[in-house]
Amino acid sequence: MSATMKPRRPWGRKAVNLAVAAGAVLAAASGIAVLFWIMITVLLRGWAALNLDFFTNMPTPPGVPGGGLFNAIGGTLILTLLATAAAVPLGLLSGIFLAEFGQDSRVADHSRFAANVLMGMPSIIVGVFAYAVLVVTLGNFSGYAGAFALFIIMLPVISRTTEDMLRLVPNTLREAALALGFPRWRVTLSIVFRAAKSGLLTGILLAVARVSGETAPLLFTALNSPFQHFLTWNLGLDQPYPNLTVTIFNYAMSPYPDWQTKAWGASLLITVGILVLTLLGRWLIREPKV
Amino acid sequence: MELRLKPRVYPETTATARESVAPAAKAKPYRGDLYFKWLSAVAALVLPLIMVAIGLELLYYSFPALRKFGLHFFVSEEWNPVTQQFGALSSIYGTLVSTALAMLLAVPFSLAIALFLVELAPPRISRIVGTLVELLAAIPSIIYGMWGMFVFAPLMAQYVQPFLHTYLGWLPGLGLLFQGPPMGLGMLTAGLILGFMVLPFTCAITRDVFQMVPPVVKESAYGLGATTWEVTTKVTIPYGLVGIIGAFFLGLGRALGETMAVTFVIGNSHKISLGLFYPGNSIASSLANEFAEATELLYVSSLICLGLVLFVMTYVVQVISQMMLKRMYRAWSVGL
């Protein structure tokens, strides 16, 4: 060892750095490649299944050509709409409490904690809960139970995003409105809501996107049905309800090629729907380009 | 991502704002405000009520199974609807093993992708790829499951499993993992598909945590001559460690209860096998497969008891991840 200090050569460190960078790029590329592979499979196989019959006809037994998934498409739309109609007002209200009234109260803390837990709760557990609450008491699988399960999955998402979005509204707006003599509820509904409009809509869209692809909570609540009763007074909700996701599950697990093709078609439909909702939501809260 | 805690700056200012209008408010009390406040408070209470109700309902309905089998339920492997003998061990084992495999895949990959997105990629590519990852996190799990069954499982059966068996199967100890019929469906495939599924989710949160490290801290390390790798291991990761662990726990909770991605490919057998090629089952896949067909009270009750186990598992994982993320936000006192 020499007494003079020699600057350490950075080669070793640079080599490590280069290796790690190459590794990270490679990992990123392969991870993203796999995810794309999935998307492209859905797109290609699904596209082959789509035609007009797919949207307008009722399902046929395996082997009989010309069947479609009209009932399942309609059923999914109705279930999602019902869940949304119930979850949006309740979620907005609870978000209002968290952001405007409760803030640091114990009720708000409990509510936030429960919302986070429920958001991480496996959706199949929510399905079991809906089964215990509605299927057991009503005596059969029904659209009500399915919509109820979806409602429970949506509620915490809407509540938390509402709170986040309302908190982004500058306080001066509230103060200005209060100074003009507005009551608190008018301030919230007319001023704060208007300022947070696009954010709230995004939260709702993302929640809808999230439930419209859910299968597990419908498996033993709405079940599935090859029929449709949309034209009765209660939309046929008291019976097992047709829906796309459980149809995908049943058809994909079946040994019939034409059913499997339809499952891919339904997958493409669901995927496109969710991507459109998600992109729309992101577009609404895009950062303004200066 | 899903977890956003804002710095709480509003309460104080709001309070002063209300005090400033207090005289008017005293003269004419806004009754509407009181109703509105209570209405919203009741709405906020719905969430904790639902959470408690889920726990209680599951407990209530799993009572018959617990009374019949007692604690033996949790350590018995037998699952036979014909003889009405039920035990949860194989499902719990399958849930844990498939989740462990998934995290083994998702953790290094999401760290690598987050590193790529935050430190290495040019901003434009980073933005595009980041958006794609977030979009992929929105794809429903049944799509992953279907792809796993129709596309991935045949490849596993034809190439991956024979390869692993030939080259790793002879190893003492470790080789035992790579045994079993190479038919594509089984624990290994389920774990991998589950990993693909949680990857976009954990990756997006890890990236957010990486991005939250203040640039000044990183820049000072760069200024001292550190390489990107050194900045990452010595600055970024220690700085965001709590948040990264929280992110992975969120992903873990998701993987534990994931149903559709697993049900398609796990093979559905209530037998515990050490070999990863053997079919197995998880709590969620058992529920998905058997619940709608179960008619006897004891059968339903046993299934719901499985659900209760899953509920408790995910609850604990959630609480841990909340604690971690909350601690990170508090320590940094910044919002995400």
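Does B:A204 count as buried or exposed, and how many C-beta neighbours does B:A204 have inside 10 Å? In this predicted model, B:A204 has 24 C-beta neighbours inside 10 Å and therefore counts as buried, the threshold for burial being 20 or more. B:A204 lies in helix α9 of chain B.

Chain B as a whole comprises 14 helices and two strands. It has 336 residues, of which 48% count as buried. Among the contacts in chain B with a separation of 6 or more, 77% are accounted for by residues 24 or more positions apart.

The interface between the chains involves 78 residues of chain B in contact with 81 residues of chain A. On the side of chain B that touches chain A, helix α3 (residues 31-61) of chain B supplies the largest share, 19 residues. By class, this side of chain B consists of 57 nonpolar, 13 polar and eight charged residues.

From α4(A), the contact is made by A:V107, A:A108, A:H110, A:S111, A:A114, A:A115, A:V117 and A:L118. The residues of α3(B) in this contact are B:A41, B:A44, B:L45, B:L47, B:P48, B:I50 and B:M51. Taken together, the residues of the contact divide into 13 nonpolar, two polar and no charged.

Helix α4 of chain A covers residues 106-120. Its 15 residues should span 21 Å at 1.5 Å a residue, and the end C-alpha atoms are 21 Å apart, which agrees. The buried residues of α4(A) are A:S111, A:R112, A:A114, A:A115, A:N116, A:V117, A:L118, A:M119 and A:G120.

A second pair consists of helix α1 (residues 11-49) of chain A and helix α11 (residues 228-257) of chain B, packed at an angle of about 80° with axes 8 Å apart. The two helices are therefore roughly perpendicular to each other. Here the contact is made by A:R13, A:V16, A:N17, A:V20 and A:A21 of α1(A), together with B:T228, B:W229 and B:E230 of α11(B). By class, the residues of this contact divide into four nonpolar, two polar and two charged.

Helix α1(A) has 39 residues, and the distance from its first C-alpha to its last is 56 Å, close to the 57 Å expected at 1.5 Å a residue. Its buried residues are A:A24, A:A28, A:G31, A:I32, A:L35, A:I38, A:V42, A:R45 and A:G46. The cover over these buried residues includes elements of both chains: α11 (257-284) of chain A, and α6 (89-120), α7 (123-137), α8 (141-168) and α9 (187-212) of chain B. A:A48, also found in helix α1 of chain A, counts as exposed because it has 12 C-beta neighbours inside 10 Å. A:A48 and A:T261 are 213 residues apart in sequence, with a C-alpha to C-alpha distance of 7.8 Å.

Technical notes:
Residues numbered from 1 in each chain as written. Chains lettered and ligands numbered in written order. Predicted model: local features only at pLDDT ≥ 70, side-chain atom pairs only at ≥ 80, totals over all residues. Contact = placed C-beta atoms within 7 Å. Helix = DSSP H or I, 4+ residues; strand = E, 2+ residues; numbered from the N terminus. Nonpolar A, V, L, I, M, F, W, Y, C, P; charged D, E, K, R; others polar. Expected span 1.5 Å × (residues − 1). Axes fitted to C-alpha atoms, helices over the stretch in contact; angles between N-to-C directions. Parallel < 35°, antiparallel > 145°, perpendicular 65-115°, else oblique.
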